[in-house]
Amino acid sequence: MTDLILHHYPQSPVAQKIRFSLGIAAANWHSVEIPRLPPKPLLMPLTANYRRVPVLQIGADIHCDSQNIIRAMASVGHAEALFPDGCVGQAMALAGWAETAMFSLAVQIIITSAIDTAPPEFIADRKGLYFEPNWTEARMKAALPAAILQLQAHLAWTDDMLSATGFAIGSTLSYADAAIAYIAWFLRGRWEDGAALLAPFRHVCALEEMLVDRGSGNAVEMTAQAALAVARTHDPVSPTGVNVGFDAGFQVGQQVMLHQRGTTADPDVFGSLRYLDDTRVSIDHYSPQTLAVAVHFPIAGYVLSAV
């Protein structure tokens with residue numbers, strides 16, 4: 001099965017990066033809307049307890065994190081649209097830089113600015129994902145001007161990068177453009193001063209507008225229960241084995257744990273090692289709701305350890 005099933009919710013900025021990518025690829029896909037906050041009882045059986053969004057399901061293969069999702073999309077027929085002329089390395093490197101350099105600052109700015117107005121349960125949940133354990137409202141507010149200045153600097157560099165052709169790489173759209181535009185979309189839509197901060201950076205704004213106008217491909221609504229049924233009626237088709245120069249002693253079938261790098265409230269993920277290469281780790285997982293599934297994570301940004 002190669003049907004794309006995206007588990008997401010409309011307000012999620014990282015899901016918007018994938019929706020922009022689906023638009024670039026003019027892809028057909030199924031849309032499963034899930035809750036913004038835990039519990040997520042119809043998602044986490046698929047993901048071995050991973051709670052973040054988006055998640056891409058292809059049959060009984062479950063792809064977590066946008067790094068893996070975009071590579072999975074490329075593997076089922078969208079490689080040329082997402083990585084024209086084979087620009088995989090460039091696009092992934094630019095996307096990684098945008099996430100660590102700009103998205104983290106955008107999250108800090110938006111959540112800090114919303115502390116006094118957002119629902120308390122939302123702030124409590126997100127601070128556990130994105131902020132250090134000694135987080136305080138006073139410290140976050142004090143750090144806000146410096147964060148805005150830093151983000152402004154990165155936006156200036158990005159705008160200069162786009163000035164030659166209007167695109168991040170070459171003269172056509174790629175995944176790298178989605179990885180820039182979603183940050184502008186997030187700032188504009190979720191921070192009252194976002195449009196003013198973005199206004200001087202006309203190339204960034206033009207790219208965001210282009211991708212908004214392009215849309216998100218062709219989506220058909222699907223219930224979460226139907227997505228679970230798809231997993232139950234399919235088997236994972238992804239490869240098995242250890243195919244990496246430095247394997248750290250890991251072997252197929254070994255019990256392993258994955259955790260998001262850094263200090264975060266994300267729950268640990270456990271499973272039986274299915275596959276390991278330079279960029280991806282896969283685990284076998286079983287739940288009564290899904291039966292056997294393979295859950296895929298990127299290596300970059302995650303800590304893999306033996307249990």
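1. Let's start with the helix pair: Pro 13, Val 14, Gln 16, Lys 17, Arg 19, Phe 20, Ser 21 and Ile 24 of H1 meet Tyr 175, Ala 178, Ala 179, Ala 181, Tyr 182, Trp 185, Phe 186 and Arg 190 of H7 (contact means heavy atoms within 4.5 Å). These contact residues split into 11 nonpolar, two polar and three charged (Ala, Val, Leu, Ile, Met, Phe, Trp, Tyr, Cys and Pro count as nonpolar, Asp, Glu, Lys and Arg as charged, and the others, Gly among them, as polar).

2. A word on the model: it is predicted, with local features needing pLDDT of at least 70 and side-chain atom pairs counting only at pLDDT 80 or more, while totals for chains, interfaces and linings use all residues. Residues are numbered from 1 along each chain as its sequence is written, and side-chain values use heavy atoms, leaving out hydrogens and water.

3. Now Asp 266, which sits in the loop between strand E7 (255-260) and strand E8 (269-276) (strands are DSSP E runs of at least two residues, helices H or I runs of at least four, numbered from the N terminus). Asp 266 is buried, at 6% relative accessible area (buried means under 20%, exposed over 50%, partly exposed in between, with a 1.4 Å probe and protein chains only).

4. His 63, in strand E4 (residues 61-64), counts as buried too, at 7% relative accessibility. Neighbours within four places in sequence aside, His 63 touches Val 55, Leu 56, Ile 58, Asn 68, Ile 69, Ala 72 and His 296.
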